[in-house]
Amino acid sequence: MGSWHANVVCYQVYLPSFLDTDGDGRGDLAGVRAKLPYLCELGVSAIWLSPCYPSPMADGGYDVSDYRGIRPDCGDMADMAALIEDAHALGIKVLLDIVPNHTSDRHPWFRATLAAIQAGAPEPGRYIVRAGRADGQAPPNNWRSLFGGSAWTQIRDDSGTGTGQWYLHMFAPEQPDLNWTDPAVRAEFEDVLVFWFDRGIDGFRIDVAHGLFKDPMLPDVDPESAAAGMLEATEDSPYWGRPEVFDLWASWRRVADRYPDRLLIGEAWAPNVTALSAYIHDRRLHQVFNFDGFLHRFTAEQWPDTAGLRRAVDDWLAATAKENATATWVLENHDVPRLVTRLGGGSLGKRRAETAALLLLALPGAVYLYQGQELGLPEVELPDEVRADPIFLRARARGQRKEGRDGCRVPIGWAGSAPPYGFGPEGSTPWLPQPAYWADYTVERQAQQPNSTLRCYLAALRHRKNLRGELHWVPDRDGLLMFARDNGFRCVLNVSAHSVVSAIAPTDYTVLVASGPVGTTGPTFELPPDTAVWLRRNHIAG
């Protein structure tokens with residue numbers, strides 16, 4: 001519990017959209033290295049890099065063709081070594097994203113699999129390949145891809161004729177699922193962990209940590225569940241949250257434990273916190289994200305639910321304490337719409353997002369921020385012709401519409417009043433277009449504005465370093481949510497639609513940071529709607 005990651009503030013860098021130093025329209029490792037002083041000033045103690053391995057980029061780099069290399073548009077191994085060295089010099093840890101559920105269809109293993117099947121030989125066993133139904137012309141079962149359509153694609157020979165063999169892909173067809181019952185797959189990934197640990201990487205965020213193993217019988221699922229894709233790991237799921245995965249994470253933990261103070265954190269979905277805590281039970285993963293229990297509560301429809309929010313915080317703190325693990329808290333990432341938009345958009349969404357941020361940063365445990373979250377970036381409406389997310393592309397191919405995740409991945413702005421807003425060299429074109437209003441959301445602009453979202457994050461992260469102790473809820477007036485930690489700290493949230501007068505006296509407390517104007521009414525504080533404030537009790541000698 002005393003490790004660096006027990007109280008970490010980790011900043012997710014979505015590499016293509018962070019900073020482009022060579023003008024190709026995509027961010028790179030040199031860009032991250034250049035902005036390490038900014039991240040240090042912000043108060044970040046770790047960064048998590050989205051996949052920077054060689055990849056055809058069918059899904060933003062989550063289709064990996066080589067787990068031991070660097071994608072040319074990101075740089076090379078020397079750039080990675082320099083980034084790690086500079087980050088460590090500033091006290092910042094470096095995490096990599098690792099993608100073990102599937103590879104790219106350009107991975108040498110999959111090319112060999114295709115060649116073997118096309119030649120009529122048995123496939124090597126490293127992927128999930130099965131004979132189809134209806135004389136091989138229909139998929140082996142009714143499973144659906146999370147990105148839409150069937151989760152199976154038929155393997156064809158050089159003439160384009162179907163072989164009758166199908167491969168599984170729970171995501172895009174360019175992302176064939178690995179067969180984790182094959183010892184070669186397990187050995188390969190353990191070697192990959194060692195490869196990067198030996199080069200100074202401090203840990204891994206594990207993509208689809210609830211996936212990997214599938215029921216070997218490949219049973220059909222309920223048609224409604226199949227149509228939905230079933231992201232969550234229900235108790236009887238044939239492809240999510242299988243018991244075999246927990247032994248795998250215990251083996252990865254043994255690898256990580258051979259190195260000093262490394263971190264494994266899983267992106268996992270589970271039906272409840274009890275099931276989720278299985279990923280951190282008995283020396284498996286160190287941490288796991290809690291999406292359904294926390295992140296997904298922050299919507300305009302659920303915003304006033306203080307009782308539900310309090311219960312969610314209590315449940316997750318209790319579950320992680322039982323496992324002697326650290327609670328993790330996250331409000332944004334590269335897969336969900338921006339928080340400001342989810343909470344109503346415009347000035348309302350901004351107020352609520354800053355209030356949610358002060359809650360997030362006051363909670364005990366590990367905090368994960370997504371790039372641009374500290375700027376209050378909204379979701380961007382993009383023209384269809386520039387969208388690149390396979391969720392959108394596959395839906396369009398079926399005559400449907402799903403906007404996908406591009407709106408939260410638009411390159412962030414650093415400075416200036418016109419594109420590319422400092423994201424790349426002047427005259428360069430970002431891979432996704434930045435809106436005209438992005439000038440109001442640059443780091444340069446917000447650093448100059450006293451009431452900007454950036455200034456709110458800077459102040460909160462500065463004070464967060466001094467927060468200690470467990471969380472204790474404190475009763476107050478209706479409409480307020482308040483908790484205490486050690487050293488006289490109070491976090492007070494008003495998530496109601498009207499101003500609320502707190503029972504706290506301004507003479508007893510000093511305001512550390514607030515998401516809006518906190519006034520006084522007689523001997524008490526008054527909080528406007530959708531406002532949070534951090535307070536520190538005045539210590540009076542006597």
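The structure is a predicted model, in which local features need pLDDT of at least 70 and side-chain atom pairs count only at pLDDT 80 or more, while totals for chains, interfaces and linings use all residues. Residues are numbered from 1 along each chain as its sequence is written, and side-chain values use heavy atoms, with hydrogens and water left out.

Helices (H or I, at least four residues) and strands (E, at least two) are DSSP runs, numbered from the N terminus. Two strands are taken to pair if DSSP finds at least two bridges between them. On this basis, eight strands form an open sheet with parallel pairing, in the order β9-β8-β7-β3-β2-β1-β11-β10. The edges are held by β9 (287-288) and β10 (328-330), each with a single partner strand, so one side of each is left without a neighbour in the sheet.

Strand β7 (residues 203-206) and strand β8 (residues 263-266) run parallel and are joined by four bridges. R205 has I265 in β8 as its bridge partner, and the bridge partner of I206 is G266. Towards β9, β8 pairs in the parallel sense over two bridges, with G266 standing opposite V288. In a regular strand the side chains alternate between the two faces of the sheet. In β8, L263 and I265 point one way and L264 and G266 the other way, and all are buried. Here buried means under 20% relative accessible area, exposed over 50%, and partly exposed in between, with a 1.4 Å probe and protein chains only.

Contact means heavy atoms within 4.5 Å. Axes are lines fitted to C-alpha atoms, for helices over the stretch in contact, and angles run from 0 to 180 degrees between N-to-C directions. Helix α3 (residues 77-89) lies across β2 (46-49) and β3 (93-98), running at about 140° to β3. Helix α8 (residues 244-256) also packs on the sheet, where it touches β3, β7 and β8, and its direction makes about 155° with that of β8.

A further open sheet consists of three strands in the order β4-β6-β5, with antiparallel pairing. Both β4 and β5 stand at the edges with a single partner strand each, so one side of each is left without a neighbour in the sheet. Neighbouring strands of this sheet are turned by 40° against each other on average, direction ignored. Four bridges link the antiparallel strands β5 and β6, and T153 stands opposite Y167 in β6.

Helix α4 lies across β4, β5 and β6, running at about 60° to β5. The buried residues of α4 (residues 108-118) are W109, F110, T113, L114, A116 and I117. They cover an arc of only 165° around the axis, which puts them on the same side of α4; the arc is that of the directions from the helix axis to the C-beta atoms. An α-helix has 3.6 residues a turn, so residues three or four places apart point the same way. The cover over the buried residues of α4 includes β4 (129-131), β5 (152-156), β6 (162-168) and α6 (183-197). After α4 comes G120, whose phi is positive, near 85°.

Strand β14 (residues 489-494) runs antiparallel to β19 and is joined to β19 by six bridges; L493 has A532 as its bridge partner. Strand β16 (residues 509-514) is likewise antiparallel to β19, through five bridges, and T510 stands opposite R536.

Two loop prolines complete the picture. P364 lies in the loop between α12 (346-362) and β11 (366-370) and is buried, with a relative accessible area of 15%. Leaving aside neighbours within four places in sequence, P364 is in contact with L317, A327, W329, G469, L471 and R485. P364 and R485 are 121 residues apart along the chain, and their C-alpha atoms are separated by 8.7 Å. P304, in the loop between β9 and α10 (306-322), is exposed, with a relative accessible area of 52%. From P304 to P173, the C-alpha to C-alpha distance is 41 Å, for a sequence separation of 131 residues.
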